[in-house]
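Hello,

Here is the structure I promised to pass on. Please open it alongside this note; my findings follow below.

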Amino acid sequence: MDDKLLFFSAFLRYPKEIGSIMPSQKFLTDEILKNIDFKSLAKPANRLVVISIGKAGKTMAQTVLPLIGRKPDSVLIADKGHPLPNTAGVAIGKKIIAEARRLGEKDVVIVLSSGGGSAMLVAPSPGITLEDKIKTTRALLKCGANIKE
C-alpha cells in the first residue's frame, strides 16, 4: 500500500435524541462495511493505528475492531467535549499528532469520523488558546450558526 494514511469516514445514523447512543444500534451502514476489507488493509502494515473521532467514536471503534483481524498497535478515541472544546480534546489531539509523527511508510491508519469531531479533537494553532476556541464556539452557538457556517 503506497498511502501512508487510509482515511475512512463512517456515515452514521443518529437517533432523534443524540443524548443516548446505544452500542446495539447500527451506526456504520452495512453498505460501507461490506465494501471494505479491513483484514487486507491491516495485513501488510508494520503498525496499525485506529483513530476514532466524534460523538460515536467509541461505538465506531468497537464496531470496526473485530473486523480488522488483528490487534491494533494503538487505538485513540476522541469523543469528549461537545459542543464546547475542552482539555480532554486538547490532550487527545496531542496524542494523535504524536502518533501520526511516528508513522512509517508501511504503517496503516484507519480513521473513523462522526459528528462533533471538530469540538472533540482540538489542536489549537500557536497563538490560539483553548479558551479562544471555547469563546468562538460559544459565540457561534449563541447566534445559531450551523456547522456549515
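Start with strand S2, residues 48-53. The strand is mostly covered, with six of its six residues buried. Keep in mind that this is a predicted model.

Which residues of S2 lie on each side? Leu48, Val50 and Ser52 are on one side, and Val49, Ile51 and Ile53 are on the other. Both faces are covered. In a regular strand, side chains alternate between the two faces of the sheet.

S2 has partners in S4 and S3. Strand S4 covers residues 108-113, runs parallel to S2 and is joined to S2 by six bridges. Within that pairing, Ser52 stands opposite Leu112. S3 also runs parallel to S2, with five bridges between them. There, Val50 has Val75 as its bridge partner.

S2, helix H3 (residues 57-68) and S3 form a right-handed β-α-β unit.

Now the packing. The largest nonpolar core holds 13 residues. Those with the most contacts inside this core are Phe38, Leu48, Ile68, Ile110 and Leu112. Helix H2 (38-42), S2, H3 and S4 each give two or more residues to the core. Another core, of 10 residues, lies apart from the largest one; its members include Leu76, Ala78, Ile92 and Val109. Nonpolar side chains tend to be buried together in soluble globular proteins.

One last item, on the backbone. His82 and Pro83 are joined by a cis peptide bond, with omega at about 5°. Pro83 sits in the loop between strand S3 (74-78) and helix H4 (87-101).

Best wishes

Technical notes:
Residues are numbered from 1 along each chain as its sequence is written. This is a predicted model: local features need pLDDT of at least 70, side-chain atom pairs count only at pLDDT 80 or more; totals for chains, interfaces and linings use all residues. Side-chain values use heavy atoms; hydrogens and water are left out. Helices (H or I, at least four residues) and strands (E, at least two) are DSSP runs, numbered from the N terminus. Buried means under 20% relative accessible area, exposed over 50%, partly exposed in between (1.4 Å probe, protein chains only). Two strands pair if DSSP finds at least two bridges between them. A crossover is right-handed if, with the strands pointing away from the viewer, the path from the first strand over the helix to the second runs clockwise. A nonpolar core is a set of buried Ala, Val, Leu, Ile, Met, Phe, Trp, Tyr and Cys residues joined through side-chain atoms within 4.5 Å.
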